[in-house]
Amino acid sequence: MYFRNALGAATAMSLLAASGAFADTITIATVNNGDMIRMQGYTDDFTAKTGHEVEWVTLEENVLRQRVTTDITTKGGAFDIMTIGMYETPIWGANGWLVPLDDLSDAYDVNDILPAMRGGLSHEGTLYAAPFYGESSMVMYRTDLMEKAGLTMPEAPTWDFIRQAAIAMTDRDNEINGVCLRGKAGWGEGGAFITVTGNSFGARWFDEDWNAQFDQPEWANALNFFVDLMTEAGPPGYATNGFNENLSLFQQGKCGMWIDATVAASFVTNPKDSTVADKVGFALAPDTGMGKRSNWLWAWALAVPAGTQKEAAAKQFIEWATSKEYIELVAAKEGWANVPPGARTSLYENPEYQNVPFAKMTLDSINAADPTNPTVKPVPYVGIQFVAIPEFAGIATEVSQEFSAVYAGQQTVEEALAKAQALTNDAMEAAGYR
């Protein structure tokens with residue numbers, strides 16, 4: 001097995017090196033998540049093999065989305081590679097804004113990409129972005145605090161259990177919050193989390209005629225539950241907490257539970273960064289018994305914007321960064337627990353990776369997510385934590401701002417839902433859906 005991988009790596013790298021005489025400098029926009037920061041530390045390996053230099057523009061998630069969207073819609077040409085996800089990729093690919101990745105080398109083995117990831121990053125069967133890592137969401141919890149509370153985490157918990165456990169684990173005197181969840185405005189930050197929570201409560205963004213559904217009781221139930229839970233057991237200022245803020249809190253030992261991206265598992269169990277690394281357990285995202293769990297499906301992926309003058313070098317970087325060989329490079333340097341997860345089938349077939357404590361739960365969470373059937377009631381859209389239409393990002397950002405204002409104590413749940421209903425219907429009518 002090692003010889004086959006080494007041969008594949010040599011073949012792929014010899015193809016890359018063939019163009020080394022025509023070295024370029026490529027500019028990559030990416031998100032400031034841990035796996036992306038780690039990738040930047042290995043860029044010298046890519047440069048040594050290809051001659052190409054890399055300039056990084058590393059941004060907070062909401063800012064990244066704004067910058068790359070503005071750049072691609074205005075044909076700004078600031079980037080040769082963009083870090084985007086399952087929401088943008090099919091839409092931008094359909095618009096002709098991305099270079100198809102239909103000519104990657106045989107050694108790259110595109111068919112090894114997990115079907116859920118490959119499908120979500122394609123349009124009409126053509127791949128337009130390659131997943132650096134894939135994720136769903138799951139419960140990460142402190143096993144010591146759960147034991148102290150006299151409770152046992154089920155493999156598939158309900159939201160009622162999460163609330164019971166969160167209250168039991170909360171210790172305000174010692175700055176321990178029973179649960180840490182996203183409240184930060186942004187369609188991909190707190191907006192994503194409350195959407196999947198809503199799914200599990202039977203809520204949906206639209207009915208089959210594209211009418212907004214925020215005036216329905218399911219949304220009131222979901223939002224009131226979330227606010228009550230966070231008031232009782234969440235950290236102060238949760239209205240401004242996103243992925244990175246909650247990661248920091250959990251690593252400092254200030255969260256009993258954290259429900260968020262499966263990719264976080266390697267960071268909360270890394271003793272170099274986490275004070276609770278040896279006290280973390282995992283479970284599926286919670287439900288309410290309606291048949292839908294509050295987990296999402298996402299990939300942070302690398303795409304080449306149409307019009308770049310450095311397409312060949314950009315594709316070479318994508319092959320390097322999302323390859324089996326890159327995974328093996330990280331494993332050799334930092335251990336299998338720290339490789340980019342959720343993108344390749346072969347990773348989950350690897351016996352060494354199967355020993356990683358969160359590997360199975362990550363794969364189970366990804367497999368439990370169905371973007372074609374995301375809600376209890378029927379809907380006209382595809383997507384779990386987003387609605388796969390171009391207008392969604394703008395609408396959902398505004399809705400998430402209204403919800404964050406509730407979390408900050410600036411308005412009531414009823415006021416926020418009324419505003420969300422009105423602004424969503426107005427936007428959909430203007431766009432011609434209604």
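## Cavities

A search of the whole structure, which is a predicted model, finds five cavities of 30 Å³ or more. A cavity is a set of points, on a 1 Å grid over the protein atoms alone, where a 1.4 Å probe fits but cannot get out; a volume is the space filled by probe spheres set on the points, with grid points joined across faces, edges and corners.

The largest cavity holds about 140 Å³ of space. Its lining (residues with an atom within 4 Å of a point) comprises 17 residues, and Glu61, Glu135, Arg182, Gly188 and Trp298 lie nearest the centre. At least two lining residues come from each of α4, β6 (130-135) and β11 (298-303); helices (H or I, at least four residues) and strands (E, at least two) are DSSP runs, numbered from the N terminus. The lining of the largest cavity has 10 nonpolar, three polar and four charged residues. Here Ala, Val, Leu, Ile, Met, Phe, Trp, Tyr, Cys and Pro count as nonpolar, Asp, Glu, Lys and Arg as charged, and the others, Gly among them, as polar.

## The second largest pocket

A pocket is an open set of points with protein on both sides within 12 Å along at least five of seven lines. The second largest pocket contains about 410 Å³ of space and is lined by 20 residues, with Arg65, Thr69, Trp187, Ala393 and Gly394 nearest its centre.

Helices α4 (61-73), α5 (88-94) and α18 (392-407) each contribute at least two residues to this lining, and α4 gives the most, with five. Eight of the lining residues are nonpolar, 10 polar and two charged.

## Packing of α18 and α19

The axes of α18 and α19 (residues 413-430) come within 9 Å and cross at roughly 170°. Axes are lines fitted to C-alpha atoms, for helices over the stretch in contact, and angles run from 0 to 180 degrees between N-to-C directions. The two helices, α18 and α19, are therefore roughly antiparallel (angle over 145 degrees).

Contacts (heavy atoms within 4.5 Å) involve residues of α18 including Ile395, Val399 and Phe403, and residues of α19 including Leu417, Ala420 and Leu423. By class, the contact of α18 with α19 has 11 nonpolar, one polar and three charged residues.

## Basis of the values

Residues are numbered from 1 along each chain as its sequence is written, and side-chain values use heavy atoms, with hydrogens and water left out. Local features need pLDDT of at least 70 and side-chain atom pairs count only at pLDDT 80 or more, whereas totals for chains, interfaces and linings use all residues.

Terms used
Parallel < 35°, antiparallel > 145°, perpendicular 65-115°, else oblique.
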